[in-house]
Every structure is written in C-alpha cells, then in structure tokens.
Amino acid sequence: MTDRKVYKTFTGLVAALVAVTVVIFVVAQMTTSGLRLNAGKTALAQNQAAIAARIKPVGEVTVSSAPVVNSLIPAASAAVKDPGKATFQSTCVACHGAGVAGAPKFGDKAAWAPHIAKGLPTLYKHALHGFSGKAGYMPAKGGNPGLSDADVEAAVRYMVVHGK
Ligand code: HEC
C-alpha cells in the first residue's frame, strides 16, 4: 500500500464512523424524546392533581344536600314574611302569649281546641269585633284598632296553625 492509499482508506473509515455515530445519535434522540415528553406530561398531570388537592376548599356543597338547603330557604323566608306572626308579636302576645285573663295560650293545644272547633269564620269575627266568652273578654282587634282586618285574620291563622 502506498501512503496515499492508506490515507484514503483511513479517511473513509473515519467518515464512516462519524456517519454511524450521527445515525445512532439521531435514532436515539428520536426514540427517547417521545418517552421524555410523556414522562413530562405525567409529572405535570400529577402536579396539577396534587395542587388541586392542596388548594381544595374545606367545605364542599354536594348535590345531595341541595334539597335540604332548598327546603330551608322557603321556611326561613315564610317565617320572616308571615304578617300573622308580626301582628301576633305586636298585639296578641300580650294576652295569648302567656294565656292572660282567660285567653287561650299560644301553643296550648287543649286550650285552643274548643275555640278552633267553632271554625275560622267565627274566630275571625270574634277577633275583629270582640267577643265575651266563658273564660274572659277578647277585645276587638286585640284592643289595637290600628290593625287592618287582614292583619287580624292573619294573626288568627298564625295562632291556630302554629299555636295549638
Ligand atoms: C287583652 C287581652 C287579649 C288580647 C290583646 C288579645 N286577645 Fe284574643 N282572646 C282574649 C281572651 C280572654 C279570649 C278568650 C275568650 C273566651 O273564650 O272566653 C280570647 C280569644 C281569642 C280567640 C278565640 C275566639 C273564639 O271565638 O273562641 C281568638 C281567635 C283570638 N282571641 C284572637 C286574638 C288575636 C288575633 C289577637 C291579636 C290581634 C288577640 N286575640 C289579642 C284576650 C285577648
């Protein structure tokens, strides 16, 4: 072999080795980059789940509790808006609250029974215009002429429904 030939063969060999190295490098890049990307995605998802768990609010409204909440709201607003309750508390409670002077006491079922037996129209009439019974004297509109008829009737209903 001449020097020239040795040089040529050696250069070819080096070039081939470089080419093989490049090919191996590229193939390795191609096959592992997909893995790295997936690993990154998994780690990100796990992180997000962990963060969500850490910053989760203490209380949670579950769907099953919604009916309970919904049933409480009308009850609460009805209590506030009941004009009968307001009138009862402003006027009627003076006698009916504690059962003063023969007045049937709010919440006393036995005391209210004979009055309720007369029927609502009679109770309205007696509450509006006054009534002298066996137990005592019920003044017209509870002694408060400033009350409207509707207020007095609502108060009667309130006592009859809630106070017996
Ligand atoms: C000053 C006391 C007094 C006040 C205030 C009062 N009541 Fe009376 N109420 C009586 C008494 C006493 C009786 C029982 C009369 C009886 O049966 O002898 C009575 C009975 C009643 C009855 C039953 C009537 C019947 O026919 O059996 C109704 C209904 C009634 N009151 C509604 C009211 C309402 C509504 C108010 C408020 C707007 C009110 N009362 C305020 C004393 C009072």
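These notebook entries record what I looked up in a predicted model of a protein with its ligand.

**Conventions.** I number residues from 1 along each chain as its sequence is written, and I leave hydrogens and water out, with heavy atoms used for side-chain values. As the model is predicted, I require pLDDT of at least 70 for local features and 80 or more for side-chain atom pairs, while totals for chains, interfaces and linings use all residues.

**Entry 1: the fold.** I counted six helices and two strands (DSSP runs, H or I of at least four residues for helices and E of at least two for strands, numbered from the N terminus). From the N terminus on, I read the order of elements as α-α-α-α-α-β-β-α. I noted that buried residues (under 20% relative accessible area, 1.4 Å probe, protein chains only) make up 16% of the 164 residues. Of the contacts (heavy atoms within 4.5 Å) with a separation of 6 or more, I found that 53% join residues 24 or more positions apart.

**Entry 2: the ligand shell.** I listed 28 residues around the ligand, of which Cys 92, Cys 95, His 96, His 115 and Met 138 come nearest; a residue is near if one of its heavy atoms lies within 4 Å. I sorted the shell into 17 nonpolar, eight polar and three charged residues, with Gly placed among the polar ones and Cys and Pro among the nonpolar. I saw that α3 (83-96), α5 (120-129), β2 (137-138) and α6 (149-162) each supply at least two shell residues.

**Entry 3: polar atoms at the ligand.** I looked up which side chains place an N or O atom beside the ligand. An oxygen atom of the ligand is 2.4 Å from such an atom of His 115, and a nitrogen atom of the ligand is 2.7 Å from one of His 96. I also recorded a polar backbone atom of Lys 134 at 3.4 Å from a ligand oxygen.

**Entry 4: His 96.** I placed His 96 in helix α3. I count His 96 as buried because its relative accessible area is 8%. Leaving aside residues up to four places away in sequence, I found His 96 touching Phe 88, Ala 103, Pro 104, Lys 105, Phe 106, Trp 112, Met 138 and Met 159.

**Entry 5: Thr 91.** I found Thr 91 in helix α3. Thr 91 has 10% relative accessibility and therefore counts as buried. Beyond four places in sequence, I noted that Thr 91 touches Lys 141, Gly 142, Asn 144 and Leu 147. With Asn 144, the side chain of Thr 91 makes a polar contact of 3.0 Å (a pair of N or O atoms within 3.5 Å; within protein, one must be able to donate a hydrogen and the other to accept it).

Technical notes: Buried < 20%, exposed > 50% of the residue type's maximum accessible area, 1.4 Å probe, protein only.
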